[in-house]
Amino acid sequence: MNVTINRQARDVMADKDELLEQVKSEKPVKNKILSLPFLIIGFLVIVFGAFMLYAMIHQHVTNNSSSSQTSTTTKTKRTSSKYVAGKDYKITYNNQGVIDKATLDKALENSNGKNISFMMDTSEDGGNMAKVEVYYNKDKNLLVERLFENGYQGDQETTRVVYDISKGEIPDNGATPSLHYQGYPLVYKWEKLAK
């Protein structure tokens, strides 16, 4: 019996040693499993940080590039304007007490009457203008634009355009020959000086 108890005791001790070995071998695995999320999070933080650093540097470079491009574009626009007021063309406003200058300018921009480069352009798709006279019909809130192309004869305009300030558009494609400008005040005049 003693032998059986000793054998059982040895088996229990062996099982105990085996269990201890198993626990010892599992402990590092559990530590590795628990440390894996920390490693993944650490890796993601490093990657995200690097990405943010790249984005900030790229944004800074883009902003500097954009600023210099805007500055260059502005300088180019200023220097590329080949038409000079007083030398190439003359503008006369007679709008005091008749129509607000801001309203007049906005209407002229919308009707293309302030595009100096277009009016001076003598190419086939340009304005080819020698003179533009703009009259204001206060009753109907209309501008009557008389456009004189280069080479016009007498006081006969090449084209007449009517712009409805209230609607912000050129009604009937601007072709309103029955609407006369006589009797309305001349509020704006553009003349080409350069030959």
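Guide: Buried here means under 20% relative accessible area, exposed means over 50%, and partly exposed lies in between (1.4 Å probe, protein chains only). The model is predicted, with local features needing pLDDT of at least 70 and side-chain atom pairs pLDDT 80 or more, while totals for chains, interfaces and linings use all residues. Residues are numbered from 1 along each chain as its sequence is written, and side-chain values use heavy atoms, leaving out hydrogens and water.

Visitor: What makes up the protein chain, in helices and strands?

Guide: The protein chain has three helices and five strands, where a helix is a DSSP run of H or I of at least four residues and a strand a run of E of at least two, numbered from the N terminus. Their order from the N terminus is α-β-α-α-β-β-β-β. Of the 195 residues in the protein chain, 24% are buried.

Visitor: Why are the buried residues of helix 2 said to line one face?

Guide: In helix 2, residues 101-110, the buried residues are L104, D105, A107 and L108. Viewed down the helix axis they fall within an arc of 165°, so they line one face; the arc is taken from the directions from the axis to the C-beta atoms. The face turned away from the buried side carries the exposed residues A102, K106 and E109.

Visitor: What covers the buried residues of helix 2?

Guide: The cover includes strand 1 (89-93), strand 2 (129-137), strand 3 (142-149), strand 4 (159-164) and strand 5 (186-192); contact means heavy atoms within 4.5 Å.

Visitor: How do you know that D105 and K101 form a salt bridge?

Guide: A salt bridge needs a side-chain nitrogen of Lys or Arg within 4 Å of a carboxyl oxygen of Asp or Glu. D105 and K101 have N to O at 3.0 Å, and they are counted as a salt bridge. The two residues are four apart in helix 2, about one helical turn. D105, at 13%, is buried, whereas K101, at 40%, is partly exposed.

Visitor: How many salt bridges does the structure hold?

Guide: There are six. One of them joins D155 and R146, with the closest N and O atoms 3.7 Å apart. Salt bridges with shared partners connect K131, E133, R146, D155, E157 and R160 into one network. At 1%, R146 is buried; D155, at 47%, is partly exposed. Another bridge pairs E133 with K131 at 3.4 Å, and both of these residues are buried.

Visitor: Why is the pair of Y93 and Y188 called edge-to-face?

Guide: Rings of Phe, Tyr and Trp (its six-membered ring) pair if their centres lie within 6.5 Å; planes under 30 degrees apart are stacked, over 60 edge-to-face, and the rest tilted. The centres of Y93 and Y188 are 5.3 Å apart and the planes stand at 70°, so the pair is edge-to-face. Y93 in strand 1 and Y188 in strand 5 are 95 residues apart, so the pair links distant parts of the chain. Y188 is buried, at 0%, and Y93 is partly exposed, at 25%. The whole structure holds three aromatic pairs.

Visitor: Which residues make the nonpolar surface patch?

Guide: L36, L39, I40, F43, L44 and V47 make a patch of about 610 Å². I40 lies in helix 1, residues 2-80, and is partly exposed at 45%. Patch residues must have over 30% relative accessible area and no salt bridge; nonpolar side chains (Val, Leu, Ile, Met, Phe, Trp, Tyr) are joined within 5 Å, like charges within 9 Å. Areas come from the Shrake-Rupley method with a 1.4 Å probe, and for residues only the protein chains shown count as cover.
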